[in-house]
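Colleague: Could you walk me through this one? I'd like to go over the packing, the sheets and the ligand site.

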Amino acid sequence: MKKRLFIAGHTGMVGASLLREVVRTGSYLPVLATRRELDLRDASAVKLFMEEQRPDVVIFAAAKVGGILSNSTFPADFLYDNLVLATNIVQASFQTGVQRLLFLGSSCIYPKFAPQPIPEDALLSGALEETNEAYAIAKIAGLKLCAAYRKQHGVLFHSAMPTNLYGEGDNYHPDHSHVIPGLLHRFHAAKEGGLPEVAIWGSGTPCREFLYVDDLASACLHLLTLKNPPDWINVGYGSDVSILDLAKAVARTVGYEGRIVLDSDKPDGTPKKLLDSSLLRATGWSPKVPLEEGLGRAYEAYKTARASGQLRAV
Ligand SMILES: NC(=O)c1ccc[n+]([C@@H]2O[C@H](COP(=O)([O-])OP(=O)(O)OC[C@H]3O[C@@H](n4cnc5c(N)ncnc54)[C@H](OP(=O)(O)O)[C@@H]3O)[C@@H](O)[C@H]2O)c1
């Protein structure tokens, strides 16, 4: 009989991709609840839901997520919500006999000046990036909570730390979106408006790593098959791209033929941020979606969402 998999946060970008992958592979019976049906901040409601639904496996893809601006304006909300979500899901999973739980964190758990590429053991070796410290602290607590339950109670609760993600279901808010949806939106608008140039922030030289969200979903299902996974493992594409080359790739994807100019007065941020994903590669998983293909898929999803009035901009 198929195992029952609760995907917490299945309406989000990652959760929706996980659901598509579960349906495509037929690997589990999905157990789902929207936020209206189950507010994950409510501990007793979460426990009741788990008692009624009895999932065998849980993937924790729910989180209060936001950009630098909302993170630094509302640090209490980011810390409180994400801590409570993690403790509620982990404790209710333990109490209701869940066999296995995969907790999703983020590469922001690593110190600001971690060695590059960032290995798993860089965790807690230095100060965090100040702008998303509250979010990172909650994710570190969640990861450590899983490891502690595993150590003390022998349950297979473990974590995955994805790099920057992009793809279908991304957030296109003008102020709060991540790099790729931000660029796709701006180049699309420039093409539609016939603008002669698009400016990108800084020198264009900082390098960043991006993973198509469906690759993360396949990595998560792969991790659930490992007999003895590490307490936390990096999930990255394995190589990075400069912001200028990324902007050029986005322009090609969108069909924008104007100029790309550098707004060098704007700050650059850290020069490089790349995860060391060799541990995951050694378990037999690798990403399938190269950047140009992923950008094409993300752009198609963007146009479809726009045309149906369902573009996400929160
Ligand atoms: N996006 C990235 O680039 C990225 C990179 C690395 C790691 N990750 C990690 O991946 C995970 C998922 O991220 P995402 O990009 O998919 O975020 P997302 O699109 O914002 O989705 C978050 C999900 O959590 C749900 N949620 C939040 N608070 C809830 C609550 N109180 N009760 C019930 N549901 C709640 C949301 O429901 P609603 O739809 O109702 O709001 C949504 O389904 C996070 O842990 C994040 O750190 C993301």
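Modeller: Some ground rules before we look: a crossing is left-handed if the near helix is turned anticlockwise from the far one by less than a right angle, and right-handed if clockwise. Helices (H or I, at least four residues) and strands (E, at least two) are DSSP runs, numbered from the N terminus. This is a predicted model, where local features need pLDDT of at least 70, side-chain atom pairs count only at pLDDT 80 or more, and totals for chains, interfaces and linings use all residues. Residues are numbered from 1 along each chain as its sequence is written.

Colleague: Which way does α2 pass α4, left-handed or right-handed?

Modeller: The axes (lines fitted to C-alpha atoms, for helices over the stretch in contact, with angles from 0 to 180 degrees between N-to-C directions) of α2, residues 43–53, and α4, residues 75–95, come within 9 Å and cross at roughly 35°. The crossing of α2 with α4 is right-handed.

Colleague: Which residues of α2 meet α4?

Modeller: Contact here means C-beta atoms, placed from the backbone, within 7 Å. On the α4 side you'll find Asn88, Ile89, Ala92, Ser93 and Gln95, and they are met in α2 by Ala43, Val46, Lys47 and Met50.

Colleague: Why is α7 largely enclosed by the rest of the structure?

Modeller: Buried means 20 or more other C-beta atoms within 10 Å of a residue's own, with C-beta atoms placed from the backbone. Asp214, Leu216 and Cys220 are among the buried residues of α7. Helix α7 (residues 213–223) is largely enclosed because its buried residues number 9 of the 11.

Colleague: Which element gives the most to the shell around the ligand?

Modeller: There are 21 residues around the ligand (C-beta, placed from the backbone, within 6 Å), and Gly9, Gly12, Val14, Arg35 and Ala62 come nearest. Two or more residues come from each of α1 (13–25) and β6 (164–166). The top contributor, with 3 residues, is α1.

Technical notes: A residue is buried if 20 or more other C-beta atoms lie within 10 Å of its own, exposed if 12 or fewer, and partly exposed in between; C-beta atoms are placed from the backbone. Two residues are in contact if their C-beta atoms, placed from the backbone, lie within 7 Å.
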